[in-house]
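Here are my notes on the model, in numbered points. Please read them with the structure open.

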Amino acid sequence: MRNSTCLLQPSLATTVALPVIYSFLFPAGSFGNILAAWIFSRQAATKRTQYIYLANLVTANLLVCSTMPFLAAYFARGYQWTSDSVACRIANHLGTLIMHVSMYVTITILCSIALSQYATLKKNSNAQYSQAVNENVYRCVLKKFSQPKFAKYLCIIIWLTVLCITVTAITYKVQEKGMEEAQRCYNIRVEAGTFTTMIASSLATAWFFVSFMTVLLSYYSFTRHLSKIQKNTCIGEKHLIYSMVKRNILVIQMILTVCFLPYHTFRPVFNVLLTNNDCSRLNSLVEIKNFLTCLAAAKSSLDPVIILLLDKTFKKSVYGLFTKSTPEHHERKADIFTEVTPKM
């Protein structure tokens, strides 16, 4: 059994570094994502599939950013709050709910964007270079990810599913915790969670790796498909389009690897090692988990920077805020989320 009586002693890394990081990420992420939301809302009339995904991604980013001030306060002062205080309940219950819902919505939507990019490429590729089984998969499954109506309903289902699972886990945690006497807000039961929380985190970790492997397989399949085309024909003007789609999927893979893979690799280890009654080790495990969670949250603040560097529409709109004309080279640069429609 987990040692629920172990008294966590947060170090300076927790009480100083984490509040400073979250305090920095909050204004940067809020400004960037609000700007992105405004720019993408101007493209809503086009009803493009990628902008449907991006609108939901930006929404998830803004929700994560909204929790950052509460997380900064929690790590700075949580060890002084009582568990029944208003500040503790807001930080632990509402903050945890929003953070985890937004995290797994983001992961799922990134996976959907990768599939949409791959499906769009398949739609515009010459069928003679694709295996029949792959074409059947495309017709039955993949092409739906590039359809606006499907994207809209998929995003609704993603939000509702993740919200229901997370609310169930957190509600159970609150009920079980309510039977205990008042204690410090920052404690092992809050940081480790209940048995139900561990089950939910295990399911979430499994889903992350499904999404991670799906994007990885999409990248591998695309690279193999492109290699086959290049061996059989001169793709000429399509080379830039194919390179762009390859880069798009690779960027998504890098985001999942850098921001989310460390947390989801460590989480099973964290759950297993919690059975140890060594309080010093428990303190270290909790602090590692919290820093890896912070790394995952940082993705929400970095998204606008990534889009600014790689998305033509976003770049042109931002540039248009400061000048009346758009440089010619901006017109030629590829859009990371452009729906590929080459002439056949």
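1. Start with the disulfide, taken here as a pair of cysteine sulfur atoms within 2.5 Å. Cys-88 is joined to Cys-185, with an S to S distance of 2.0 Å. By that rule, the count is one disulfide.

2. This is a predicted model: local features need pLDDT of at least 70, side-chain atom pairs count only at pLDDT 80 or more, and totals for chains, interfaces and linings use all residues. Residues are numbered from 1 along each chain as its sequence is written, and side-chain values use heavy atoms, with hydrogens and water left out.

3. Look at the geometry of the bond. The torsion about the S-S bond of Cys-88 and Cys-185 is about 90°, so this disulfide is right-handed. Cys-88 sits in helix α3 (residues 86-123), while Cys-185 sits in the loop between α5 (148-178) and α6 (188-192); the pair therefore ties together parts that are 97 residues apart in sequence.

4. Are these cysteines buried or exposed? Buried means under 20% relative accessible area, exposed means over 50%, and partly exposed lies in between (1.4 Å probe, protein chains only). Cys-88 has 0% relative accessibility and is buried. Cys-185 is buried too, at 0%. Two further cysteines deserve a check. Cys-111 has a relative accessible area of 8%, so it counts as buried. Cys-155 is at 2% and is also buried.

5. Now the overall make-up. The chain has eleven helices and zero strands. Helices (H or I, at least four residues) and strands (E, at least two) are DSSP runs, numbered from the N terminus. Of the 344 residues in the chain, 50% are buried. Take contacts (heavy atoms within 4.5 Å) between residues at least 6 apart in sequence: 83% of them join residues at least 24 apart.

6. The axes of α1 (residues 12-41) and α2 (residues 49-77) come within 8 Å and cross at roughly 155°. Axes are lines fitted to C-alpha atoms, for helices over the stretch in contact, and angles run from 0 to 180 degrees between N-to-C directions. Over 145 degrees counts as roughly antiparallel, so α1 and α2 are roughly antiparallel to each other.

7. What lines the contact of α1 with α2? Its residues divide into 20 nonpolar, seven polar and no charged. Nonpolar here covers Ala, Val, Leu, Ile, Met, Phe, Trp, Tyr, Cys and Pro; charged covers Asp, Glu, Lys and Arg; the others, Gly among them, are polar.

Definitions and conventions: Angles under 35 degrees count as roughly parallel, over 145 as roughly antiparallel, 65 to 115 as roughly perpendicular and the rest as oblique.
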